[in-house]
Amino acid sequence: MADPQAERIVLLGDPGAGKTSLVRFLALALTGTNIPESLANLAGRLPVVIELRKYAEAQWRERTFEDFLDRLSAMEQMAVPRQVLDVFLRTGHALVFFDGLDELFEPAMRAEVSRRIAAFADRYPRVRIVVTSRVIGYQRGELDRVGFQHYMIQDLTVPQIGRFAKNWYDTVCPHDPVAARRLCKRMIYAVDHSRPIRELAGNPLLLTILSIIGRRQELPRDRQGVYEHAVAVLIARWDQHAKHLRTPAGAQALEYLEDRDRHELLRLLARQMQDGAGGIAGNHIHGPELEETFKTYLQEHYELPLTQATVAAREMLRQFRERNFILSRFGGEVYGFIHRAFLEYLAAADIAHRYAQDREWTQDELIQEVFARRASDPAWHEVLLLLVGQIGERDAARAIDNFLELHRRRSVSSDCGMLVLAVRALAEVRKIGLLAPQSKAVIDALIADAEDLNSGPKSRTPRVRVGAALPALATFAIHWSGRQRYLRWFHLRGQFLDSAYASAAVACSLYHDRDIPTILATHGWAPEVRSAVLKLLAERWADDPSTRELVYERATAESDAEARGTALRLLAEHWADDPSTRELVYERATAESDAEARGTALRLLAEHWADHASTRELIDNQARTDFKNAPRTTALRLLAEHWTDDPSTRELVYERATVDPDSDATAALRLLSEHWPDDPATRELMHDRFTAEDWFSRFNVLMYLTEHSAEESATRRRVYDLAACDPEWIMRFLALHLIFGNWPDDPATRELVFERATAEPKDGPRGMALTLLAERWAEDPATRELVFERATADPDSGPRGMALTLLVEHWVDDPAARELVYSRATADLAPEIRKDALHWWICEESGEALARDRAVADSDSKVRLAAVRAISFGWPARSATAALLHDRARADEDETVRTAASHALAVAEVLAPLQEKLPDPWGAFS
């Protein structure tokens with residue numbers, strides 16, 4: 001917030017994350033006499049807070065923010081006089097907070113206020129502005145246009161939760177330090193040993209509620225229990241007798257409401273919200289509707305006359321307005337739950353009650369009308385997940401099956417939203433053993449996603465399409481069958497994929513102790529695997545001294561430059577206060593042999609030690625003298641981001657954009673446009689550099705057309721023509737992607753994709769066509785026939801390998817497919833395909849025999865190497881394993897295989913004592 005470069009900020013966060021609290025803290029801090037050192041850059045600025053829910057009231061619809069503040073000054077003395085405010089705004093000595101953009105519930109009003117904020121920023125370009133909003137419903141376009149940067153409030157870390165708990169219980173138990181320590185210890189234990197509680201405790205508001213619950217009892221381990229107890233605590237606060245408050249005349253009926261009645265009333269209120277105009281995403285209801293809901297309930301359940309029911313309903317509404325417990329007044333006559341989690345929990349409880357008690361739906365109707373109908377709406381996901389935890393296991397199994405079916409029917413292969421939903425739903429089921437088929441299906445889908453990532457275009461940025469499912473995977477017990485199944489596949493195949501980061505990320509969420517990750521951090525075959533497990537160790541066991549020692553050792557001794565960079569970054573993130581960390585990062589910024597790794601060290605210096613005297617000097621020197629483009633470009637960007645106001649920075653960036661032939665001129669030009677957009681020289685350079693057309697320019701135009709005019713037949717014809725006839729194969733490849741994503745149901749799409757799978761001259765688009773066919777039309781016999789044929793007849797290894805992967809993903813239970821996979825492990829001419837087939841088959845019961853045969857008999861060293869390393873991870877304790885690896889280390893004709901066999905022997909030796917911790921040997925695909 002105090003960064004000199006962050007003049008316009010949008011601060012996003014979940015409800016209860018502390019957005020408004022932060023605004024109030026900053027406003028109070030800047031009006032005080034002792035400004036915290038961290039806010040020194042903001043000293044002298046006048047804090048101005050505009051609560052947008054109040055500004056949204058009807059009287060201000062046609063008035064400016066300045067008018068609103070003038071009114072606050074005149075009527076409530078909550079702002080400085082208009083004349084004073086004008087001076088601070090014109091001179092730029094103000095810090096203006098627009099708090100609660102998300103609390104404007106009408107989309108049109110929210111958009112209009114965003115435009116007014118943008119106009120305000122244009123009127124006062126020197127004023128620092130902060131806008132707060134929750135994530136759901138926020139549209140960034142208007143504020144992006146005027147240069148707002150977007151930041152997300154992060155959840156509290158475990159150490160921060162611990163400090164909060166200590167302060168909380170010290171405050172509520174001021175005369176009993178023993179009790180305070182005991183309660184704090186109990187809270188921290190619950191956070192450490194319950195993933196759902198840890199996730200909830202990251203939110204300050206929910207942490208406060210958990211602390212209230214924890215004072216009286218042990219915290220439940222599952223989030224269903226946490227929500228249930230939290231609701232019970234909050235509705236109990238409605239009790240008038242708790243504070244010896246007298247019930248007003250005419251509202252005595254409230255005294256007879258029991259907790260279960262209040263709970264039922266809240267369920268009805270949640271239903272009213274989800275059926276309202278804003279739907280489940282809104283979390284708001286207008287006062288008259290709320291009063292009507294209360295009144296109707298009291299009339300129907302207690303047979304109160306209309307007059308008494310009206311008085312009692314108004315009294316309940318008054319309690320909410322003045323005492324603000326589970327419901328909160330947002331502004332005007334709009335109310336909502338204090339946290340969206342309570343709306344979601346109660347909405348799920350209402351559906352579960354209507355299904356189980358009222359018999360409103362059959363099981364099929366529940367699946368289709370609730371789960372299938374709502375699955376595509378992100379606002380409903382938490383409700384559906386909580387509902388899974390409240391219905392029986394048989395119903396939950398059907399819901400998970402439905403999510404998986406929706407995942408299989410997706411039109412875009414990279415969209416794993418339904419798979420993530422299936423994983424998270426499975427984590428809500430308490431008796432997980434009753435859903436063994438769903439566990440198997442979920443794991444198989446995760447494996448297929450990793451294989452699909454591996455077979456697709458390679459990316460320099462590691463991708464995990466199921467990242468949102470990782471916290472849920474970490475909640476499963478050590479004996480969960482899905483854990484055994486996935487880790488078996490990962491140890492034998494997943495870690496050896498060309499793109500292994502995604503498979504490693506899933507595996508890391510399933511490890512329960514540090515033994516095997518510690519071995520993989522050094523002996524894992526792929527750099528992505530070593531990086532992933534090192535990150536796991538640093539995040540979960542940072543307090544263990546051996547963890548820092550291992551990370552430090554990897555930052556210098558790791559053979560892969562990117563993995564060294566990961567280790568260096570982990571040191572800076574977790575042990576920045578250790579002087580040796582900065583010394584090592586500084587040394588790596590110049591002495592590191594790899595250019596990208598030098599760039600990583602430069603970024604870490606700027607992120608963690610920007611105020612250190614030597615940091616800017618080093619970065620400036622590297623921007624001028626590093627002999628590689630990448631570090632120079634990185635250094636340029638760091639200078640532009642952290643030292644924009646220094647004239648020498650702009651001069652250097654301009655020079656690199658125009659003079660130095662070895663620099664990345666495009667990157668330098670981008671920096672000019674981002675940080676000095678009004679400079680005439682910048683505009684001239686942009687015009688010169690971006691007028692020539694190439695295939696990438698054509699593709700950007702094509703993307704625009706498909707986004708804005710996909711329904712026009714001319715657009716469709718152009719894209720179809722490009723997919724078949726463009727002279728650049730990359731354009732044909734990308735056009736196929738666009739066709740499949742925009743017109744998957746058009747019969748012409750299937751016809752074109754089928755034709756491209758055989759007639760396309762380039763192997764990349766040909767393999768892509770096969771993939772699209774299998775994803776969309778796997779049940780068509782012609783698709784199966786073509787994939788089988790391409791697995792052996794395609795002249796290029798790429799499409800043959802793709803066909804082999806598709807066979808395993810879509811027809812794994814077909815005996816002919818299994819036979820073909822086995823035959824490819826020995827008969828295919830391409831070593832890469834033999835290696836892939838081996839990795840597939842090695843998870844079968846006969847996989848060990850095939851691996852031993854290929855380790856000796858295959859003619860290609862890459863296949864023998866794959867077999868050797870798989871044997872060491874799959875059967876480390878077998879006596880035959882040591883004998884074979886010894887033989888290969890001595891007798892293999894290829895030095896790489898001999899070296900790998902020696903390494904594999906070392907791996908087997910350290911894994912052998914942990915044999916019982918390794919997954920069961922068979923059944924990954926049986």
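Modeller: Contact here means heavy atoms within 4.5 Å. The model is predicted.

Biologist: Which residues does Ala-230 touch, leaving out those up to four places away in sequence?

Modeller: Ala-230 touches Ile-209, Ile-213 and Phe-342. Ala-230 itself lies in helix 11, residues 223–236.

Biologist: Is Ala-230 buried or exposed?

Modeller: Buried means under 20% relative accessible area. Ala-230 has 3%, so it is buried.

Biologist: How far apart are Ala-230 and Ile-833 in sequence and in space?

Modeller: They are 603 residues apart in sequence, and their C-alpha atoms are 55 Å apart in space.

Biologist: How should I read a nonpolar core?

Modeller: In soluble globular proteins, nonpolar side chains tend to be buried together. In this model, the largest nonpolar core has 201 residues, of which Phe-337, Phe-371, Leu-446 and Tyr-486 touch the most other members. Helix 15, residues 340–356, gives the most to this core, with ten residues. Apart from it lies another core, of 36 residues, including Leu-736, Phe-740, Trp-743 and Leu-752.

Biologist: What does Tyr-486 touch, again not counting residues up to four places away in sequence?

Modeller: The contacts of Tyr-486 are Ile-443, Leu-446, Ile-447, Ala-502, Ser-503, Val-506, Ala-507 and Leu-510.

Biologist: Now the strands. Which strands pair with strand 4?

Modeller: Strand 1, residues 8–12, pairs with strand 4 in the parallel sense over five bridges. Within that pairing, Ile-9 has Val-130 as its bridge partner. Strand 3, residues 94–99, also pairs with strand 4 in the parallel sense, over four bridges. There, Leu-95 is bridged to Arg-128.

Biologist: Which residues lie on each face of strand 4, and are they buried or exposed?

Modeller: Arg-128, Val-130 and Thr-132 are on one side, Ile-129, Val-131 and Ser-133 on the other, and all are buried. Strand 4 spans residues 128–133, and six of its six residues are buried.

Biologist: Where are Glu-303 and Arg-359 placed?

Modeller: Glu-303 is in the loop between helix 13 (287–302) and helix 14 (306–323). Arg-359 is in the loop between helix 15 and helix 16 (363–374).

Biologist: Are Glu-303 and Arg-359 buried or exposed?

Modeller: The cut-off for exposed is over 50% relative accessible area. Glu-303 has 69%, so it is exposed. Arg-359 has 63%, so that residue is exposed too.

Notes
Residues are numbered from 1 along each chain as its sequence is written. This is a predicted model: local features need pLDDT of at least 70, side-chain atom pairs count only at pLDDT 80 or more; totals for chains, interfaces and linings use all residues. Side-chain values use heavy atoms; hydrogens and water are left out. Buried means under 20% relative accessible area, exposed over 50%, partly exposed in between (1.4 Å probe, protein chains only). Helices (H or I, at least four residues) and strands (E, at least two) are DSSP runs, numbered from the N terminus. Two strands pair if DSSP finds at least two bridges between them. A nonpolar core is a set of buried Ala, Val, Leu, Ile, Met, Phe, Trp, Tyr and Cys residues joined through side-chain atoms within 4.5 Å.
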